[in-house]
Structure formats: structure tokens, C-alpha cells
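Open the model in your viewer and keep the selection panel at hand. The stops below go from a whole chain to its sheets, then to one residue and an interface.

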Amino acid sequence: MDPLVTTQFLNIAFGIATLAVLALGLAIVFGLLGVLNIAHGELVMAGAYAAWIVQSAGLPYALAVPLAMLACGLLGWLIEAGLIRPLYARPFDTLLATWGLSLLLRKTAEAIWGLGYKSVALPLPGTVDVLGAAYPRYRLMLIVLCLAGVAALAAWFAKSGAGTRIKAMVANPDLAQAVGIRTGRLARNAFVAGCALAGLGGVMVAPLTPVHPFMGIDYILESFFVLVVGGLGSVAGLVAGAGIIGGLGSLVSAVADRTAGYTAVLVIAILFLWLRPRGLLARA
Amino acid sequence: MSARFEFRGLVAGYGGTTILRGIAGAVAAGEVLFVLGRNGVGKSTLMKALMGFLPCREGAVRLDGREIGGLAPPERRRAGITYCPQERAVFDELSVADNLFLTAPPGAAARLAPLAERFPILARRREQRAGTLSGGEKKILSFVRGAIEDHSLVLLDEPTEGVQAENIERMEAVVREQCAAGTAFVVVEQNLAMAERLADRWLVLDKGQVVAEGSGRPERAAIIAHIQV
């Protein structure tokens with residue numbers, strides 16, 4: 001195969017794989033729990049800053065993963081207790097409150113670190129030869145880790161007791177309580193996990209993108225598009241949505257330019273909202 | 001009677017409306033209490049209040065002498081109450097097996113074996129999604145899920161809705177066996193014939209109040225006088 005074609009294929013795979021992980025947290029929080037957390041993108045931003053802090057301190061990059069997940073998990077816990085639970089079953093109020101929170105988080109980041117772009121160096125520099133194409137080592141590693149991570153989570157969700165209890169809670173919350181599931185606690189834990197995954201996403205993308213207080217907006221928009229196209233509540237939907245949004249975005253960007261890529265994503269998302277509002281593979 | 005389960009002076013409702021206006025009842029270990037009445041008199045609301053889905057503004061609920069009126073549903077389940085609701089009685093998206101064993105206590109698989117012989121549909125459909133079952137089959141699944149929880153009190157809300165006659169007989173046999181083992185039941189039922197065969201105690205609700213009650217098998221004429229307008 002032409003090395004250029006191989007590189008484009010790998011870029012598309014990279015777009016899909018990282019988008020799947022970035023959208024994963026939102027798929028849990030919004031897709032399963034039905035919580036509209038507009039500040040979800042700011043958690044990705046917080047994760048990216050965690051990566052920058054770890055690297056600036058001269059610590060091993062891998063340390064950023066637990067740090068970001070802990071920090072975003074803790075933030076998630078506070079958000080759940082302070083905003084989400086008191087506004088339970090009031091979606092519009094939740095949207096407003098978390099939108100306010102997203103402003104607060106952006107301005108807080110701006111106050112601490114300023115508006116300027118921070119750049120995070122690649123923790124894994126160099127390239128690997130893939131079928132004649134020299135492909136960046138870090139990107140290749142992310143493709144593999146993201147796919148393995150999503151597959152592991154899908155298997156856990158399908159097979160584990162906790163995954164089944166989450167499905168039960170989502171499908172029929174009253175019956176879940178009647179059979180002894182403490183749904184409040186389970187929903188809180190799932191929310192915290194979704195926030196921690198946003199932090200992980202931030203660590204992943206930090207070396208590939210400028211880190212700045214407003215970076216969260218792009219990620220939350222793309223993640224919402226993934227859920228719109230793929231449908232809520234199933235891992236297959238998440239992967240399909242990431243495949244279409246991430247694949248289309250990367251493909252059109254490669255053939256034309258970034259702007260055309262964004263436009264194509266926006267058009268397909270609008271078409272889906274219009275013609276198939278439940279997405280490709282919505283939960284039954 | 002030393003009551004296994006009793007409730008007194010229950011007042012509860014949704015938002016500003018009061019549906020239960022001071023309801024009392026009791027059932028001893030090994031007994032079946034039937035709650036009868038027309039549609040919309042508060043029978044299902046009473047069951048929801050007993051399970052903790054509806055906070056009671058007044059009244060007391062006791063299980064084996066322990067006041068449980070302040071407990072949330074998952075904690076009442078842990079205290080020993082099984083609840084089989086009238087509507088949305090199973091998890092449609094989970095398999096039949098997951099419905100049975102999702103939160104089943106130890107020993108549930110052994111307790112299922114004799115029940116699975118009585119209700120072979122459960123074994124045949126074990127790996128299928130419960131949503132593919134008919135209404136009556138879902139009721140059977142819900143009933144059996146409750147039966148293998150092996151609790152001291154079982155609340156059944158319209159357990160026979162849509163269930164075929166021979167399966168109703170099998171359900172009644174299971175209730176009798178579990179009563180013999182000391183379980184208490186509170187049953188809401190439209191099917192008076194079932195009450196005539198199983199009831200140790202009964203009460204009739206109207207407009208959120210108990211308008212008649214008694215022990216032993218209820219007499220149809222007495223009940224019908226209260227149930228018909």
C-alpha cells in the first residue's frame with residue numbers, strides 16, 4: 001500500500017479511537033444516566049492541564065493518568081452532590097446550572113494559568129514503521145490503548161454484575177430499588193466514573209493539541225455528535241457514532257481541509273437529528 | 001395474633017393529593033392478607049407506601065417488631081420484604097436469568113429448581129430478554145423472582161393479571177408452601193376467587209380507607225357489596 005494511504009488510514013483510526021474514549025464519559029453521564037452536564041468538556045480541559053502540570057514538574061507522564069482521573073473524579077463527585085442531585089429530574093435547570101459551572105471552570109483555569117496556550121511535549125516521541133509509512137509512536141499507542149480500553153469496558157458492561165445493575169437501574173429505576181439496588185449511590189458512582197474518563201481523555205489529547213481554558217468546548221461538541229449519530233445507551237452505538245463522526249471528520253480533513261471536516265460533521269449531525277433522532281443503535 | 005407485619009394510620013399521597021387516609025392492617029407469619037377493592041381506591045398506592053416508594057405523612061410500619069417506616073425501598077428489601085409490582089414488573093432489557101438472579105441472595109439457584117419445574121417457560125426462555133415475554137409470562141417471572149428471594153414478607157400487586165388459569169393454580173400452590181414455611185403475604189388482587197381460596201385475612205379499601213375487614217376466607221357477597229358502587 002502507498003505509505004500516504006496507510007498514514008491516512010491510521011489517522012482515521014486514530015480519530016475514531018480517541019473520539020470513542022472522549023465520548024465514553026459523556027455516553028455514561030448523558031447516554032445512560034440522562035444527565036446533561038455541559039461542564040463535561042471542562043473536565044477534559046482539567047485533565048489536559050493535569051498532564052501539563054505533571055510534565056512541567058518533570059514527573060513521568062504516566063503519573064498524569066491517575067492524577068487527572070482522581071482530580072476529575074473528585075470534581076465529578078462535588079458536581080453530583082452540589083448540582084446534579086439537587087436538580088434531579090429537572091433537565092433544563094441542570095443544563096443551566098452546569099453551563100454556569102462550565103463558565104466558572106474556564107474562568108478559574110484562565111485565572112490560574114492565563115489564556116495562553118500551553119504545549120505538552122509528546123511523552124513518546126519518534127515514529128514506527130507501519131507497512132512502509134512512518135507513523136508517530138504516541139498516536140499508534142493511543143489507537144491500541146483506546147481500542148483495548150473501549151473493548152474492555154464493553155465486555156465489563158455486558159458481563160459484570162455492576163454493569164447489569166446499571167442496565168437495570170437505567171431500564172426500570174423503581175424495580176431496581178425494589179430488588180435492593182441503591183440507585184442513588186450507583187448513579188453517583190457512574191457519574192464520577194464518567195467524569196474521571198473525561199480527565200483521562202484530557203491526558204490523552206494534551207500532547208496533540210494546544211492546552212487552553214476553552215479547549216473543552218470542541219470536545220464536548222464532538223462527543224455530543226457521536227451520541228446523536230450512534231444513539232444512547234449502548235457501546236455499539238458509541239463505536240458506530242465515533243466511527244462515523246471521527247472517521248468522516250478525519251477523512252474529509254485529509255481530502256480537503258479541517259474546516260470542510262468540521263462542516264461535514266455538523267451536516268451529518270443535523271441530518272441525524274432531523275431524520276433519525278434516536279441515532280443508529282439506540283437502546284431499545 | 002402476633003403480627004409479622006403491621007401498618008397503622010397510614011396517610012400518604014402524591015404531591016398535594018392524599019390517597020391513603022389512615023389505613024391499618026396486619027398479617028402474621030404464614031398468613032395471607034388480601035387487599036381488595038375497586039380500581040383506583042388506593043390498593044397499589046398502599047403497596048408502594050409499604051415498600052417505601054411513597055413517604056407516609058403519618059403512620060407506622062413494622063416488620064417483626066422493627067419500625068421500618070423511614071426506610072427507602074432498597075433498605076426494606078434488606079430488612080426482608082419482597083415486592084412484585086403490578087406494572088413494569090420485570091427488567092425488559094435483561095435476560096430472564098439476569099432478572100431472576102441480579103440481586104438474588106445465596107441459595108436462590110437451589111430454590112429456583114422446583115419452581116422452574118412448575119413454570120418451565122422460565123427455563124426455556126432463560127437467556128432471552130424478558131421484554132420478549134407476554135404480559136402473563138412477565139408476571140410469572142416477577143412472582144418467581146420474588147419467591148426465590150425467600151423473605152419474611154412478600155408484597156404481590158395483581159400477581160395473576162394475564163396469567164393462565166393453570167399457572168394461577170401453581171402460583172397459589174407456591175404461596176401455600178411458602179406460608180407453611182412461615183412467609184407472610186400481602187396480596188392485591190382483582191381475582192376474588194383467589195382470595196376465596198387463599199386469604200387468611202382480608203380488607204376492602206374504598207376512597208383510601210378500610211371499609212370492611214375480616215379473617216378467614218372472605219364471603220363473596222360481603223365483598224361484592226363493597227366493591228360495587
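A residue is called buried here if 20 or more other C-beta atoms lie within 10 Å of its own, exposed if 12 or fewer, and partly exposed in between, with C-beta atoms placed from the backbone. This is a predicted model: local features need pLDDT of at least 70, side-chain atom pairs count only at pLDDT 80 or more, and totals for chains, interfaces and linings use all residues. Residues are numbered from 1 along each chain as its sequence is written, while chains are lettered from A and ligands numbered from 1 in the order in which they are written.

**Stop 1: chain B as a whole**

Select chain B. Of its 229 residues, 44% are buried. Its C-alpha atoms fill a box of roughly 45 × 40 × 35 Å along the principal axes. Colour by secondary structure: chain B has 9 helices and 10 strands. These are DSSP runs, numbered from the N terminus: helices are H or I with at least four residues, strands are E with at least two. The radius of gyration of chain B is 17 Å, close to the 17 Å of the globule rule for 229 residues, so chain B is as compact as a globular protein of that length. That radius is taken over C-alpha atoms, and the rule is 2.2 Å times the number of residues to the power 0.38.

**Stop 2**

Which strands stand at the edges of the next sheet? Select the 4 strands of chain B that form an open sheet in the order 2-1-4-5, with antiparallel pairing. The edges are strand 2 (17–28) and strand 5 (66–67) of chain B, each pairing on one side only. Two strands pair if DSSP finds at least two bridges between them. Now zoom in on strand 1 (residues 3–14) and strand 4 (residues 58–63) of chain B, antiparallel over 5 bridges. Look for F7(B), which stands opposite V61(B) in strand 4 of chain B.

**Stop 3: the mixed sheet**

Move to the open sheet of 6 strands in chain B, order 6-7-8-3-9-10, where pairing is mixed. Strand 6 (81–84) and strand 10 (209–215) of chain B each have a single partner strand, so one side of each lacks a neighbour in the sheet. Then select strand 3 (residues 32–36) and strand 9 (residues 201–206) of chain B: they run parallel, joined by 4 bridges. Within this stop, L33(B) stands opposite R201(B) in strand 9 of chain B.

**Stop 4: one residue**

Is L100(B) buried or exposed? L100(B) has 24 C-beta neighbours inside 10 Å, so it counts as buried. L100(B) lies in helix 3 (residues 96–101) of chain B. Leaving aside neighbours within four places in sequence, L100(B) is in contact with L112(B), V144(B), R145(B) and I148(B). Contact means that the C-beta atoms of two residues, placed from the backbone, lie within 7 Å. For a distance check, pick A28(B): its C-alpha atom is 27 Å from that of L100(B), and the two residues are 72 apart along the chain.

**Stop 5: chain A against chain B**

Show both chains. Here 15 residues of chain A are in contact with 16 residues of chain B. On the chain A side, helix 6 (161–171) and helix 7 (173–178) of chain A are the elements that give two or more residues. Helix 6 of chain A gives the largest share, 5 residues.
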